[in-house]
Every structure is written in structure tokens, then in C-alpha cells.
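Welcome, and thanks for taking a look at this one with us. Here is a short tour of how the parts of the protein sit together and how a ligand is held.

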Amino acid sequence: MTAIFGSCEMLAEDFPLSEEQGPYLSLIKSSAGHIHHLIEDILDFSRLEAGKLELRLEAVDFAALANEIIELLTPLLREKKLRLSTHFGNLPLVLADPVRLRQVLLNLLSNAVKFTSLEGNIEIAAKAESSILLVEVRDDGIGIPPEYQGEIFERFKQVRQLNPKGTRIQKGTGLGLPISRFLVELHGGKIDVDSIPGEGATFHFSIPLAP
Ligand SMILES: Nc1ncnc2c1ncn2[C@@H]1O[C@H](COP(=O)(O)OP(=O)(O)OP(=O)(O)O)[C@@H](O)[C@H]1O
Ligand SMILES: [Mg+2]
């Protein structure tokens, strides 16, 4: 992968590409990005299943971590004209592996972006309750039928849904939520979903507070 990404960078920087060549280079880069993500997900899932993934726990500022991810997603949010609001207040630190907590939140937010139509709304809320932080990611997208709500945390489970144009909605592998559940549970937390089809979905998870 490094060779592919490196060669793309070199091509882009060192050689003037024609108008016809440019889009092909972008396609190579974005496809390589998808493959990279897929390989990472498959590896993570295998490590988690084998009990070989170790967390590097530290005191983490959840709001700061969430804001970093939101910044990363800004181009995608703009593209779909989605509004994203946060409700954090003054939060105590959590005890988490920042890389893995980022992965969970990014998975949930990417799903919220993916399954919400143009000009939709996404909200992230977090509040401390006794020894845990409760996080909610809400969207007003297509939602999930009740019979699927338990299954989507199983690997490769995707709801077959069609958008108004009659085409398959998505793209993806069906590993994001199983990995997220594994990671949250490894932290000692829980993750679940509430949804009304057609009105949206709310994913909520808990993470222990730092002592
Ligand atoms: N916010 C959401 N709104 C509606 N459906 C959702 C939402 N999040 C997840 N789903 C449903 O749950 C399925 C599984 O989600 P998951 O994140 O595991 O996989 P994916 O997004 O399809 O692929 P991947 O995350 O591996 O790229 C999705 O395919 C979709 O059908
Ligand atoms: Mg996903």
C-alpha cells in the first residue's frame, strides 16, 4: 500500500498529468484508500476475535477527540449538506485507548453520514453518569427495521435497502459495527441502537471515566 500511495504522490508532484490522466490518478488513490481501509478492518476484526488486540489506556478528552473527527468529516458533511451538532458540556476525562475510541466514533459517524439523505441532521451528545460517559450519535436518516437492529452488530450484516431511485444504498463491508462493539466491550462498555425506520437511528455507547 505504501508503494501505491507513494507512487501516486510522486506522479502528482513530479509529472504534469494531462486533463484526462488526472481523474485516473484520483481513482487509483481513492480505490487504494478503500482497499487499505478494508484490509485494516479485516485485520482488526481477526485480532479482536482472537483476543489479540490490546488497548493502550490513558485519560482521554472525549470532546477534543470528537472535534478532531468532525473536522476530518467536514468535506463529506458539506458534500451532503448535512448539519452536525454537538452537545458535550463540561466532560470529565475517560479511560480509553484514543486510537480505538476514535475508530468507534468514526465508524458511527461515517454510518450516520452514509445513511442520511441530503440536508439531514446528525447530533453527537455525551454526558457523564456515575462512573461512565454515555455517548449518543443520532441521525435522521433512513433508520433500521426492528428485525435488523440486533443483527447489524454481526459481521458482514447489512440491511438491504433501496433509495428512492431504486438503487442499492450502500457500499461497505459490514465490519464497522462489529468492530465497534468489540472495541467498546473491550473498554468495559456497551453499545446499542434505537431506531424508527424512516425517522433515523440513535447509536449509544458507554466508556468508563478516568479514575
Ligand atoms: N446510522 C445508520 N442508519 C441506518 N442504517 C445503519 C446505520 N448504521 C448502520 N446501519 C446499517 O447497519 C449495517 C452495518 O453497519 P456497518 O457499519 O457494520 O457496515 P457498513 O457501514 O455497511 O460497512 P463498513 O462499516 O464495513 O464500511 C449497514 O450496512 C446498514 O444497513
Ligand atoms: Mg459502517
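In this predicted model, the C-alpha centres of domain 1 and domain 2 are 25 Å apart. Domain 1 covers residues 2–49, while domain 2 runs over 58–208.

**Between the domains**

Let us begin with the contact between the two. On the side of domain 1, seven residues are in contact with 10 residues of domain 2. The size of an interface is often given as the accessible area lost when the parts come together. Here domain 1 and domain 2 bury about 850 Å² between them, and carbon and sulfur atoms give 70% of that area. Within domain 1, the residues that lose the most area to domain 2 are D41, F45 and L48, which together make up 63% of what that side buries.

**Around the ligand**

Now for ligand 1. Its shell holds 20 residues, and those that come nearest are N111, K114, D139, Q158 and L177. At least two shell residues come from each of α4 (98–114), α6 (176–186) and β7 (200–208). Of the contributors, α6 gives the most, with three residues.

| Residue | Protein atom | Distance to a ligand 1 oxygen |
|---|---|---|
| K114 | side-chain N or O | 2.8 Å |
| G174 | backbone N or O | 2.9 Å |
| L177 | backbone N or O | 2.8 Å |

How much of ligand 1 does the protein bury? Taken alone, ligand 1 exposes 600 Å², and the protein buries 95% of that.

Note on methods. Residues are numbered from 1 along each chain as its sequence is written. Chains are lettered from A and ligands numbered from 1 in the order in which they are written. This is a predicted model: local features need pLDDT of at least 70, side-chain atom pairs count only at pLDDT 80 or more; totals for chains, interfaces and linings use all residues. Side-chain values use heavy atoms; hydrogens and water are left out. A residue is near a molecule or strand if one of its heavy atoms lies within 4 Å of it. A polar contact is a pair of N or O atoms within 3.5 Å; within protein, one must be able to donate a hydrogen and the other to accept it, and residues adjacent in sequence count only if both atoms are side-chain atoms. Accessible areas come from the Shrake-Rupley method with a 1.4 Å probe; for residues, only the protein chains shown count as cover. Helices (H or I, at least four residues) and strands (E, at least two) are DSSP runs, numbered from the N terminus. Domain bounds come from an automatic or database domain assignment. Contact means heavy atoms within 4.5 Å. Buried area is the accessible area (1.4 Å probe) that two parts lose on being put together, summed over both.
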